[in-house]
Amino acid sequence: MMAGQPLNQPAEIPAELDRWNWGAFFLNWIWGIGNSTFIALLALIPVVNIIMIIVLGARGSRWAWQNRAWRDPEQFRKTQRNWAIAGLAVWVVGIGGCRVRPAR
C-alpha cells in the first residue's frame, strides 16, 4: 500500500461495520454532505424523503465507507457514532421544542 492511500479504498466495508447507520437516518442530507454521500440529498425531495431516510439508515455505512478516506475501521466507527449522537440530540431537541405547553 502506498503512503497516503486510504485503507478502505477500494475495499468492501468490513462486515462488522456494515450495519444500520443512525446518523444517516436522523440527519440524512446533512450526514450525506459530511460523508461525501451526495445521494442523501434526495432526502430534500418531498415524498422521496420518506423512502430515502430508510435507505440511508440501511445503506449509509456502506456508502460512507466507500465515499470517504478512513484511516482505519476504528476511526470510521467513532465518526459514525458521533453522527448518531448528534442526530439523536437534534431529534430530541426538535421534538422537545414541538411539545405542547399547558395553558395557565
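Me: Which residue's backbone nitrogen does the side chain of Gln 75 reach?
Reply: This is a predicted model, where local features need pLDDT of at least 70, side-chain atom pairs count only at pLDDT 80 or more, and totals for chains, interfaces and linings use all residues. Residues are numbered from 1 along each chain as its sequence is written, and side-chain values use heavy atoms, without hydrogens or water. A polar contact is an N or O pair within 3.5 Å; within protein, one atom must be able to donate a hydrogen and the other to accept it, and residues adjacent in sequence count only if both atoms are side-chain atoms. The side chain of Gln 75 reaches, at 2.5 Å, the backbone nitrogen of Arg 71.

Me: Which residues is Gln 75 in contact with, leaving aside its neighbours within four places in sequence?
Reply: Contact means heavy atoms within 4.5 Å. With those neighbours set aside, Gln 75 touches Ala 69 and Trp 70.

Me: What order do the elements run in from the N terminus?
Reply: The protein has three helices and zero strands. From the N terminus on, the order is α-α-α.

Me: What share of the protein's residues count as buried?
Reply: Buried means under 20% relative accessible area, exposed over 50%, and partly exposed in between (1.4 Å probe, protein chains only). Of the 104 residues, the buried share is 30%.

Me: How many residues apart are Arg 62 and Asp 18?
Reply: A salt bridge puts a side-chain nitrogen of Lys or Arg within 4 Å of a carboxyl oxygen of Asp or Glu. Arg 62 and Asp 18 form one, at 2.2 Å from N to O. Arg 62 sits in helix 2 and Asp 18 in the segment before helix 1, at a separation of 44 residues.

Me: Why does Arg 77 count as partly exposed?
Reply: Arg 77 bridges to Glu 74, with the closest N and O atoms 2.5 Å apart. Both lie in helix 3, about one turn of the helix apart. Arg 77 counts as partly exposed because its relative accessibility is 34%.

Me: How much accessible area does the nonpolar surface patch with Leu 44 have?
Reply: Patches take residues with over 30% relative accessible area and no salt bridge, joining like charges within 9 Å and nonpolar side chains (Val, Leu, Ile, Met, Phe, Trp, Tyr) within 5 Å. Leu 44, in the loop between helix 1 and helix 2, is partly exposed at 49% relative accessibility. Areas come from the Shrake-Rupley method with a 1.4 Å probe; for residues, only the protein chains shown count as cover. Together, Trp 29, Ile 30, Ile 33, Phe 38, Leu 41 and Leu 44 have about 560 Å².

Note on methods: Helices (H or I, at least four residues) and strands (E, at least two) are DSSP runs, numbered from the N terminus.
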